[in-house]
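Biologist: Please show me the chain and its model. I would then like to ask some questions about it.

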Amino acid sequence: MSSFAFSFTPAPSSSSSSTYSPFSSSKTNPPFFASFSSSSSSSSFSLRLASPPSFSSFSFGINRRTDPAFVLHSTVEVAGGGGDHGSIGGGHGGGGHGGDDDGNAGEHGRKKEAMMVLAEAGRSLESVPSDLAAAIKDGKIPASVVSRFLELEKNPFFRWLLQFGGFKERLLADDLFLAKVGMECGVGIFTKTAAEYDRRREKFFDELEIVFADVVMAILADFMLVYLPAPTVSLRPPLAINAGPIAKFFHNCPDNAFQVALSGTSYSLLQRFGAIARNGAKLFAVGSASSLVGTAVTNALINAKKAVDKSSSGEIENVPILSTSAAYGVYMGVSSNLRYQVLAGIIEQRILEPLLHQHKLMLSALCFAVRTGNTYLGSLLWVDYARFIGVQ
């Protein structure tokens with residue numbers, strides 16, 4: 001058997017030998033050196049190519065030895081020292097640092113794969129929404145997200161929803177997001193009414209106005225309870241340079257504290273706690289606003305009943321609006337926030353979806369069961385909490 005080697009390496013640096021440079025006008029020296037050697041068991045041929053000063057080496061080798069192994073090896077390396085370019089495979093780096101190179105290589109790979117998915121679908125980068133196109137250019141999203149976008153776009157209703165940034169980020173992270181919203185709102189009416197009856201029993205019909213207010217508050221809040229803690233594919237543009245540190249911190253926090261980070265993205269423990277705090281503040285506002293609507297409707301019904309039935313005017317009291325609204329806001333910001341963060345980020349995304357991602361019907365059924373139980377539990381906790389603090 002024979003051995004064949006082919007390599008490009010820089011010319012030896014010595015005073016006696018001159019090297020070729022594309023930056024020099026001299027062309028008296030050829031830009032390569034060659035040698036050939038042979039032995040009884042192998043033969044070799046090598047070609048040495050002088051490279052410009054900024055390159056350290058370029059090599060390409062094919063080795064065939066007496067054993068059956070066949071090795072193909074190719075590298076391109078660039079000198080460090082503050083250059084803007086890193087090694088191919090490492091992308092652009094700052095002076096050849098390995099971590100930066102690996103990260104940029106990952107971004108380049110994700111961008112290439114995403115562009116291939118678009119090309120296979122006969123789509124161009126200009127045909128997708130601008131925020132998604134920017135994320136593809138920057139290598140922030142994997143090809144699987146682009147594939148999911150193209151699949152969702154085939155449905156006219158989903159195509160309409162994808163025009164809204166918040167829905168787009170959530171549908172790209174979870175194609176069952178809209179089904180979960182329907183589950184939550186549909187089941188909420190029945191489970192919350194059942195929980196109210198379980199707690200009030202014989203007083204259920206006497207306190208029907210309060211029950212109605214609780215159900216109205218729940219339906220208005222159910223959508224936001226699914227929407228806010230849902231995992232997302234972040235397509236948000238970067239903040240302005242003059243943004244404050246607090247704004248920058250919360251901007252980089254995930255939407256769900258427990259969500260799985262996309263390839264090339266990571267969240268610190270502090271950022272995950274920030275997600276809980278940010279969603280808690282939002283849900284406090286949602287809970288307070290929905291309670292204001294619910295209690296206002298309840299008081300209107302109570303006053304109408306008093307006007308019709310004079311005998312009930314002393315038995316039914318108006319619901320305190322401000323205290324009930326504040327109480328429900330706190331309940332949403334703490335209890336509901338934590339329960340739905342765990343439900344969406346751990347139970348569904350980290351446990352159920354990896355196990356049943358190829359069985360959508362079974363996955364939907366289990367999500368329905370888990371969310372039904374969570375909604376019923378939340379109704380029980382609210383009644384107990386409201387009675388404990390004296391708003392009901």
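Modeller: Buried means under 20% relative accessible area, exposed over 50%, and partly exposed in between, with a 1.4 Å probe and protein chains only. This is a predicted model, in which local features need pLDDT of at least 70, side-chain atom pairs count only at pLDDT 80 or more, and totals for chains, interfaces and linings use all residues. Residues are numbered from 1 along each chain as its sequence is written, and side-chain values use heavy atoms, with hydrogens and water left out.

Biologist: Which helices hold Arg 371 and Glu 348?

Modeller: The side chains of Arg 371 and Glu 348 meet in a salt bridge of 2.8 Å, N to O. Both residues of this pair, Arg 371 and Glu 348, are buried. The pair ties together parts that are 23 residues apart in sequence, because Arg 371 lies in helix α11 and Glu 348 in helix α10.

Biologist: Which residues are linked with Arg 371 and Glu 348 in a network of salt bridges?

Modeller: Glu 353 and Lys 180 also form a salt bridge, at 3.4 Å from N to O. Glu 353 lies in helix α10 and Lys 180 in helix α6, so this pair ties together parts that are 173 residues apart in sequence. Both Glu 353 and Lys 180 are buried. Linked with Arg 371 and Glu 348 in the network are Asp 174, Lys 180, Glu 184 and Glu 353.

Biologist: Is Ser 291 buried or exposed?

Modeller: Ser 291 has its place in helix α9 (residues 269-308). Leaving aside neighbours within four places in sequence, its contacts (heavy atoms within 4.5 Å) are Met 217, Thr 324, Ser 325 and Tyr 328. Its C-alpha atom is separated by 5.5 Å from that of Met 217, 74 residues apart along the chain. With a relative accessible area of 0%, Ser 291 is buried.

Biologist: Which element gives the largest share of the nonpolar patch?

Modeller: Patches are made of residues with over 30% relative accessible area and no salt bridge; like charges are joined within 9 Å, and nonpolar side chains (Val, Leu, Ile, Met, Phe, Trp, Tyr) within 5 Å. Phe 212, Leu 220, Val 293, Val 297 and Leu 301 make a nonpolar patch of about 390 Å², with areas taken from the Shrake-Rupley method with a 1.4 Å probe, where for residues only the protein chains shown count as cover. The elements giving two or more residues are α7 (208-227) and α9. The largest share, three residues, comes from α9.

Note on methods
Helix = DSSP H or I, 4+ residues; strand = E, 2+ residues; numbered from the N terminus. Salt bridge = Lys/Arg side-chain N within 4 Å of Asp/Glu carboxyl O.
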